[in-house]
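This report covers secondary structure, sheet layout and helix packing. Please read it beside the sequence and the model.

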Amino acid sequence: MDIGMRLLHLQEVFLALDKYELSEKKQSVKEWYDGFTFGNKNDIYNPWSILNFIKARKFGSYWADSSSNGLVNKLVKTGSPNLKKTMEILIEGGVIEKRIDEQIVYNQLEKRENAVWSLLLASGYLRVVKIRYEGDFRKRYYTLKLTNKEVEQMFEIMIEEWFDNGSNMTGDFIEAMLAGDLYAMNSYMNDIALDTFSSFDVAGKEESRIRPEDLASCYDCKGVANGLSLNDSSNLYAMTRKSSRFYHGFVLGLMVDKREDYIIKSNKESGFGRYDVMMIPRDTENSNLPGLILEFKVINHSMEKSLEETVKSALQQIEEKKYDTELLKAGVKKENIRHYGFAFEGKKVLIGTDE
């Protein structure tokens, strides 16, 4: 059978798998490479991916390797913290809802975040799950997800490369965290922060640009001095949340290559609040894979005198909000749960634990 280099339909792919004695891989091939739409036809496959899979007889991100993802890489890497958080949802298998501009204008890509999603959809990285219509003008809102496992792996590799500075500091940091080596964690994290933060300080829109060295400054403490609790209308609260999201996304990116051993969750409810990052071991009986809860805080100079106090505040929040609840329900033993508080001030980082 001559597959050629034209778009392939599901039936053609399955016939090719039968011919090359790969029939038992049909469902996995569908999960990895299906999901494209061409006009009104679904279940369309990229022939390059299928040809390479049949040749290598193993799953991989062949399409990503064959094309230039430079523009997509740049747009996601330099996008707002909200864009990076949305990518996190997609990589975890979730869905997002966006308005799509069907008339993509190149010079709008760095100015309008929705244009990025339009590009990703038009390029095949995203697929439509459903369309919702709203209002008198029937505005269309698209529910989107990553097209298939091949695209998911492509973005995972892309994120890993953002944190690859030519050394093994990222891997060393993760191993130190799993081993509970707090001294090494602080050493590696501060080195990584110095080398990496500058590359994230290039967001396209001025209003979405977050410079680590400018964080936690010029806080408006109105309401706090009077003993009032922080809320969404407080400038201090809003600035702190925006600042910590930058660091949240940064640390979360370091964890990508641990997804085989861990279920990594972010901003989910547990106990009486929302933790920042939780790492649930897939093998809860393996004592070498502790359950981890990470809480991030940017120093608030009006309330804290040092990064040490900020770390203490983060650890107190983990305890008071009972974030352990989800890990315990998952079967992780109490003694195999670790808490880490991350305190940030510009490019300085301090990590502490309550052990």
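What is the order of the open sheet of five strands, and what is its pairing? The order is E7-E10-E11-E12-E13, and the pairing is mixed. Strands pair if DSSP finds at least two bridges between them.

This is a predicted model: local features need pLDDT of at least 70, side-chain atom pairs count only at pLDDT 80 or more, and totals for chains, interfaces and linings use all residues. Residues are numbered from 1 along each chain as its sequence is written, and side-chain values use heavy atoms, with hydrogens and water left out.

**Overall picture**

The protein chain holds 13 helices and 13 strands. Helices (H or I, at least four residues) and strands (E, at least two) are DSSP runs, numbered from the N terminus. Of the 355 residues in the protein chain, 47% are buried. Buried means under 20% relative accessible area, exposed over 50%, and partly exposed in between, with a 1.4 Å probe and protein chains only. Take the contacts in the protein chain with a separation of 6 or more: residues 24 or more positions apart account for 61% of them. Contact means heavy atoms within 4.5 Å.

Strand E7 (262-266) and strand E13 (348-353) are the edges, each pairing on one side only. From one strand to the next, the twist averages 20°. Strand E11 (residues 291-298) and strand E12 (residues 337-345) run parallel, joined by eight bridges.

Helix H12 (residues 307-320) lies across E11, E12 and E13. H12 runs at about 140° to E12. Axes are lines fitted to C-alpha atoms, for helices over the stretch in contact, and angles run from 0 to 180 degrees between N-to-C directions.

Is isoleucine 264 buried or exposed? Isoleucine 264 has a relative accessible area of 8%, so it is buried. Methionine 278 is 14 residues from isoleucine 264 in sequence, yet the two are 5.9 Å apart in space, C-alpha to C-alpha.

**The three-strand sheet**

A second open sheet has three strands in the order E1-E3-E2, with antiparallel pairing. Its edge strands are E1 (8-9) and E2 (36-38), and each pairs on one side only. Strand E3 covers residues 41-45. The pairs compare as follows.

| Pair | Sense | Bridges |
|---|---|---|
| E1 and E3 | antiparallel | two bridges |
| E2 and E3 | antiparallel | two bridges |

Histidine 9 has isoleucine 44 as its bridge partner in E3. Phenylalanine 38 stands opposite lysine 41 in E3. H2 packs on this sheet and touches E2 and E3. The direction of H2 makes about 100° with that of E3.

**Helices H1 and H2**

Helix H1 (residues 10-19) and helix H2 (residues 26-33) have axes that come within 11 Å and cross at roughly 135°. H1 is therefore oblique to H2. Angles under 35 degrees count as roughly parallel, over 145 as roughly antiparallel, 65 to 115 as roughly perpendicular and the rest as oblique. The crossing of H1 past H2 is right-handed, meaning that the near helix is turned clockwise from the far one by less than a right angle.

From H1, the contact uses Leu10, Val13, Phe14, Leu17 and Asp18. From H2, it uses Lys26, Val29 and Lys30. Five of these residues are nonpolar, none is polar and three are charged. Ala, Val, Leu, Ile, Met, Phe, Trp, Tyr, Cys and Pro count as nonpolar, Asp, Glu, Lys and Arg as charged, and the others, Gly among them, as polar.
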